[in-house]
Amino acid sequence: MSIRMKKGLLFVATLLLLAGCKKNQEFDATGTFEAKEVTISAETSGKVLSLDLEEGQALKAGDCVGMIDTMQLFLQRGQLVEQQRALLHSKPNAEKQVSSLREQIQQQEREVARVERLLSDDVATQKQLDDARTYLNVLRNQLDATLSTLSTSNASNGNAAAMEWQIKQIDNAMTNSCIASPIDGTVLVKYVEQGEMAVVGMPIMKIADLEHMFLRAFFTSDQLSKVKIGQKVKVIADFGGDEQYEYEGTVCWISAESEFTPKGIQTRNSRANLVYATKIAVKNDGRLKIGLYGEVKL
């Protein structure tokens, strides 16, 4: 190989190296795409009676895709309703009894006063006055007993009201037996199958909003002055090779604390050790996937 040919190859290699370096410097930050993910867990315990759900399935918020057995809840509710009904029916009508006793006491007090006047005029005997007073005391004792019964009856009313709240709790649990997504999204993971037993807090599925994606990108401290919330930036999704797509992004979050540069993340300053995480909102056209590599240009 001639010296001239060697110099030519070296020149070409240098140009390629410079071109590669220039390409690596075309971005201001890099990161990976992510989405809002929600794990839906069971809110009641029981057998999964139905679960019309597959990974990759698109769901609308509030769509019921499965049902957990509510038979035990139904039986508990019926028992509480019957107990409440029996408690209310056994309540005595103490108010009427109290009203009647108060009238008898007033009448007997007038009778005692009349006998006292007669006794002072020597028309009545001491025994008649004692009998009238004794009967008055009997009526007053009956009133005290009835008031005590009325107090117990009020406590029964409180128990009936407490049962009403228990019934409402069971009604809420029966409503929560429906398995539904709280957001519009796509099923990422299905954790249970129809026929399996579920307990409260057990994961049923994981769903993500893939329509609205975020690029978690990292900027060095000297770049922060150029980045602000609401700023429009250019986001490039890299699918490998020469396949790249450009999107408009909006900076929606900037971390208040720095962190060490995550493994696999490139920055404009290769010597930077500390970076600040940001989230850039991007409208997904169906091509973006969670974990996909992306670049940012300010």
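I began with the sheet: it is open, has 4 strands in the order 5-4-2-7, and pairs antiparallel. Strand 5 (178-180) and strand 7 (197-198) are at the edges with a single partner strand each, so one side of each has no neighbour in the sheet. I took strands as DSSP runs of E, at least two residues, and helices as runs of H or I, at least four, numbered from the N terminus. Two strands pair if DSSP finds at least two bridges between them.

The model is predicted; local features need pLDDT of at least 70, side-chain atom pairs count only at pLDDT 80 or more, and totals for chains, interfaces and linings use all residues. Residues are numbered from 1 along each chain as its sequence is written, and side-chain values use heavy atoms, without hydrogens and water.

Next I looked up strand 2 (residues 46-51) and strand 4 (residues 64-68), which pair antiparallel over 3 bridges. Valine 48 has isoleucine 68 in strand 4 as its bridge partner.

Then I checked the aromatic rings. I found 1 aromatic pair. The ring centres of phenylalanine 239 and tyrosine 245 are 5.4 Å apart and the planes stand at 85°, so the pair is edge-to-face. The rule takes rings of Phe, Tyr and Trp (its six-membered ring) with centres within 6.5 Å; planes under 30 degrees apart are stacked, over 60 edge-to-face, the rest tilted.

Last, I looked for charges over rings (NZ of Lys or CZ of Arg within 6 Å of the ring centre and within 35 degrees of the ring normal). Lysine 168 lies over the face of tryptophan 165, 4.5 Å from the ring centre. Lysine 279 has its charged end over the ring of tryptophan 253, 6.0 Å from the centre.
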